[in-house]
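Please look over the sequence and the model before reading on.

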Amino acid sequence: MTTNDSSPPRERILAAAMRLFYAQGVRGVGIDQLIRESAVANATFYRHFPSKDEVVLAYVREHDRVFREAAAAAVTGRSPQEAVKAVFEGIAAQFCEPGFRGCPFINAAADYPDPDHPVSRAIQEHMDWFRARLLELLTAAGHPDPQGAADTLLILRHGAMNQSRFAPPRRVRSALAGAVATVLGGAGPGAGAP
């Protein structure tokens, strides 16, 4: 299956990378397959992405962009506590979808162990941004330990995403919602109330 031939070449390459890297893993997809699936010439591919690492970097940044947009939509018009719950409801909805294969950031990080590699740095930037956003919301909610709670929520995010591959996703979703509510229980009066 190839990408829509009418879109610009860079978009087609990135769309193919988003689909293939997530489904098959970064290491499992070669440049030839990306070229074939995006229906571009070799020269066109290399004009937009001089190396596979450049495509992986674009892939990570695109996942970051999509996540940030979803998080922004989830917090709009909500109290800080409800915003945190909404962000995690969005995360939980992901692992209930067909074809879910875990966190795209963690999956990509497995192939880039060097913390100074641009792909690793982009993944770290995403993690740092998400922690900072959680810290901001938890502080605004009046949580007595916003730093610790932000760290706990990050662990819950990644643990739930991994566990949903080995247990019924709806059960994991329910457990995640309960754990988030417990963490939020320290965020001001009535924060943990349903």
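## Overall layout

The model described here is predicted. The protein has 9 helices and 0 strands. Read from the N terminus on, its elements run α-α-α-α-α-α-α-α-α. Along the principal axes, the C-alpha atoms fill a box of roughly 60 × 35 × 30 Å.

Two packed helices are described by the angle between their axes and the distance between the axes.

## Helices H1 and H2

Helix H1 covers residues 9–24 and helix H2 covers residues 31–38. Their axes come within 9 Å and cross at roughly 125 degrees. Angles from 65 to 115 degrees count as roughly perpendicular and those over 145 as roughly antiparallel, and H1 and H2 are therefore oblique to each other. The crossing of H1 and H2 is right-handed.

On the H1 side, the contact is made by Arg12, Ile13, Ala16, Ala17, Arg19, Leu20, Phe21 and Gln24. On the H2 side, Gln33, Leu34, Glu37 and Ser38 take part. Sorted by class, the contact of H1 with H2 has 6 nonpolar, 3 polar and 3 charged residues.

## Helices H4 and H7

Helix H7 spans residues 118–140, and helix H4 spans 52–75. The axes of H4 and H7 come within 9 Å and cross at roughly 10 degrees. Angles under 35 degrees count as roughly parallel, so H4 and H7 are roughly parallel to each other.

H4 contributes Asp53, Val56, Leu57, Val60, Asp64, Phe67, Arg68, Ala71 and Val75 to the contact. From H7 come Pro118, Val119, Ala122, Ile123, Glu125, His126, Trp129, Phe130, Arg133 and Leu137. The residues of the contact of H4 with H7 divide into 13 nonpolar, 1 polar and 5 charged.

## Helices H5 and H8

Helix H5 (80–94) and helix H8 (146–163) form another pair. H5 and H8 pack at an angle of about 15 degrees, and their axes are 10 Å apart. H5 and H8 are therefore roughly parallel to each other, and their crossing is right-handed.

The contact is made by Val84, Phe88, Ile91 and Gln94 of H5, together with Leu153, Arg157 and Met161 of H8. By class, the contact of H5 with H8 has 5 nonpolar, 1 polar and 1 charged residues.

## The largest pocket

Rolling a probe the size of a water molecule over the atoms shows where empty space is left. In this protein, the largest pocket has a volume of about 450 Å³. It is lined by 23 residues, and the closest to its centre are His63, Val66, Gln94, Glu97 and Pro104.

Which elements give two or more residues to the lining of the largest pocket? They are H1, H4, H5, H6 (104–109) and H8. The largest share, 6 residues, comes from H4. The residues of the lining divide into 16 nonpolar, 5 polar and 2 charged.

Gln94 belongs both to the contact that H5 makes with H8 and to the residues closest to the centre of the largest pocket.

Key. Residues numbered from 1 in each chain as written. Predicted model: local features only at pLDDT ≥ 70, side-chain atom pairs only at ≥ 80, totals over all residues. Heavy atoms only, no water. Axes fitted to C-alpha atoms, helices over the stretch in contact; angles between N-to-C directions. Helix = DSSP H or I, 4+ residues; strand = E, 2+ residues; numbered from the N terminus. Left-handed = near helix turned anticlockwise from the far one by under 90°. Contact = heavy atoms within 4.5 Å. Nonpolar A, V, L, I, M, F, W, Y, C, P; charged D, E, K, R; others polar. 1 Å grid on protein atoms, 1.4 Å probe; cavity = no way out; pocket = protein on both sides within 12 Å on 5 of 7 lines; lining within 4 Å. Points joined across faces, edges and corners; volume = space filled by probe spheres on them.
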